[in-house]
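Visitor: Hi, could you walk me through this structure? I'm new to this.
Guide: Happy to, let's look together.

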Protein chains: 2
Amino acid sequence: MDLPAKSEPKRRRPLQVAEAIKSWVVERGLRRGDRLPGEAEMITRFGMSKSTIREAMRILEAQGLVETRTGPGGGSFVGEVTEERARALLGNYFYFKGLSIDDIYALRELLEPELAASLAGTLTDAQLADLDALVAAYDSPAQSPEEERDQHVASLAFHRKLARYSGNPLLGFFIGFMAQILSDLTVYRRLYEPPNQTLWRKGRAYQLDLMAALRAGDADRARQIMRDHMKTAHAMMQDQEAEVMRRFMAE
Amino acid sequence: MDLPAKSEPKRRRPLQVAEAIKSWVVERGLRRGDRLPGEAEMITRFGMSKSTIREAMRILEAQGLVETRTGPGGGSFVGEVTEERARALLGNYFYFKGLSIDDIYALRELLEPELAASLAGTLTDAQLADLDALVAAYDSPAQSPEEERDQHVASLAFHRKLARYSGNPLLGFFIGFMAQILSDLTVYRRLYEPPNQTLWRKGRAYQLDLMAALRAGDADRARQIMRDHMKTAHAMMQDQEAEVMRRFMAE
DNA sequence: TAAGATTTGTTCGTATGTATC
DNA sequence: GGATACATACGAACAAATCTT
């Protein structure tokens, strides 16, 4: 572990220590769950105080890179950054950016159809069953605004799950991120009121058609269904206030 | 500012404080540069020790949400998350994910052409001049592997700049993120050796054609040029080792 | 330039909480 | 339950940075 030169200015030491530990993890190719030196050892190795070391660990924890446990056998461990945390951290960036519904849908309309096409015929029975379970939330038309909202959130969960099943981690993350934003937005404001029977019928039809195409391995049809779906969803939300993300995402 | 109940278990207090401060910032709609209470006030407000408060501030700093300065008039301030930091934090997520060249180009081929099309005819003279300056790095064929590498990095900077000029922050970030990964990768491994005259001619031709289409406001042509460009670039890198991102991104 | 004021940054000793055996 | 091993929290003293005069 590189100690920052003892002659370094006596400021921002926690950050320096955090960066040193990061490099150390990379150099050794450490994996999730691997052990890091304990507080006591860090203190002697870096020649810095307990507080400084602890602040460094908080930095790494905040980024999701380490996890810490107390007790015997405890200590700090390399911690894989979860998708949830990555979404939250990226969400903080867009908090200040004034994202619009149009911005999000411009991308969804590009990406979601390709995702659907790429998944056609590749899903396992277990995965298909999971998706069916989410579609089941659409079984009957919503009787109240609350139910309508729940159905919309379930539909976004459907897209997130599709995204996770993608073999492409980048595509999966980008789509999951957008679904998360829309999902939060839907819960925050109460969109989609009042309940709308025609809308329900359409939404359900899309999901069922898509599942059929996915099972059949018909990529072109899956792509086309998703394209139509996105257009409809976009049109539906278009009237909403333009600016989203006026708060930080949950961690 | 919500104080976590004093009866809370005596663990993870810095994290609780950090979350409380986040909510406080959101509730008040604070903007970049707005002042946060000083250490002394936090200590009394939360009834916690200096160390705990400081660890909380390190957490927020690590996420890019606050900045801190010493001295009179100093203190902690709301700090807008920079694009650079957001890229680094998201990069940490993909560090563990084993991203492949194909993953990245699958998305570039979808997104970059639409970016080019959306920018056609919308750029200011100053923006066009900035882009020209980057194209100038391609003026003459590379004489060495180092020069070749510099040219490729310059070309990725060209794409990052295009992305920044996009009116869509989401599209801009996604494209910028991918360019950053490829740029780091190019510097890290020494791809594209030995120098290749034909490649240089092609790369230069793409950039010039694209600039012409952007100036002319010809969206369809810009899209098509970018599409071809992506296909070529993908093919060029396809032989490279599949796995990228075996280190953390620079902050 | 220098001194003083103000605010964060760092240290260290002590005490406490928590999980495992 | 007691012993052990580890992180967690506290607070007072001191260092460093930076603004003002």
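Predicted model: local features only at pLDDT ≥ 70, side-chain atom pairs only at ≥ 80, totals over all residues.

**Around the DNA**

Guide: Among the 29 residues around DNA strand C, the nearest are A:Arg13, A:Ser51, A:Thr52, A:Gly71 and B:Gly38. A residue counts as near a molecule or strand if its C-beta atom, placed from the backbone, lies within 6 Å of it.

Visitor: Which elements each supply at least two residues of the surface near DNA strand C?
Guide: They are α1 and α3 of chain A, plus α2 (39-46), α3 and β2 (75-78) of chain B. Helices (H or I, at least four residues) and strands (E, at least two) are DSSP runs, numbered from the N terminus.

Visitor: And where does the largest share of that surface near DNA strand C come from?
Guide: From α3(A), with three residues.

Visitor: How do the residues of the surface near DNA strand C divide?
Guide: Into six nonpolar, 13 polar and 10 charged. Here Ala, Val, Leu, Ile, Met, Phe, Trp, Tyr, Cys and Pro count as nonpolar, Asp, Glu, Lys and Arg as charged, and the others, Gly among them, as polar.

Visitor: OK, now DNA strand D. Which residues come nearest?
Guide: A:Gly38, B:Arg13, B:Ser49, B:Thr52 and B:Gly71 come nearest, out of the 30 residues around DNA strand D. On this surface, α2 (39-46), α3 (50-62) and β2 (75-78) of chain A each supply at least two residues, as do α1 (13-27) and α3 (50-62) of chain B.

Visitor: Switching topic: how many residues of chain A are in contact with chain B?
Guide: 38 residues of chain A are in contact with 38 residues of chain B. Two residues are in contact if their C-beta atoms, placed from the backbone, lie within 7 Å.

Visitor: Which elements of chain A give two or more residues to that side?
Guide: On the side of chain A that touches chain B, they are α1 (13-27), α3, α4 (83-95), α5 (101-119) and α8 (169-188) of chain A. The largest share of that side, seven residues, comes from α5(A). Its residues divide into 23 nonpolar, five polar and 10 charged.

Visitor: What rotation superposes chain A on chain B?
Guide: A rotation of 180°, with 0.1 Å of shift along its axis, and the RMSD is 0.1 Å. The two copies are therefore related as by a two-fold rotation axis. The same surface serves both copies, as 100% of the contact residues of chain A recur in chain B. The superposition is by least squares on the C-alpha atoms of residues with pLDDT of at least 70 in both.

Visitor: Back to α5(A). At what angle do it and α7 of chain A pack?
Guide: α5(A) and helix α7 (residues 145-165) of chain A pack at about 55°, with their axes 10 Å apart. That makes α5(A) oblique to α7(A). Axes are lines fitted to C-alpha atoms, for helices over the stretch in contact, and angles run from 0 to 180 degrees between N-to-C directions. Angles under 35 degrees count as roughly parallel, over 145 as roughly antiparallel, 65 to 115 as roughly perpendicular and the rest as oblique.

Visitor: Which residues meet in α5(A) and α7(A)?
Guide: A:Glu112, A:Leu115 and A:Leu119 in α5(A) meet A:His159, A:Leu162, A:Ala163 and A:Tyr165 in α7(A). This contact has five nonpolar residues, one polar and one charged.

Visitor: One last pair: how are α6 and α9 of chain B arranged?
Guide: Helix α6 (residues 125-135) and helix α9 (residues 197-216) of chain B pack at an angle of about 170°, with their axes 11 Å apart. That makes α6(B) roughly antiparallel to α9(B).

Definitions and conventions. Residues numbered from 1 in each chain as written. Chains lettered and ligands numbered in written order.
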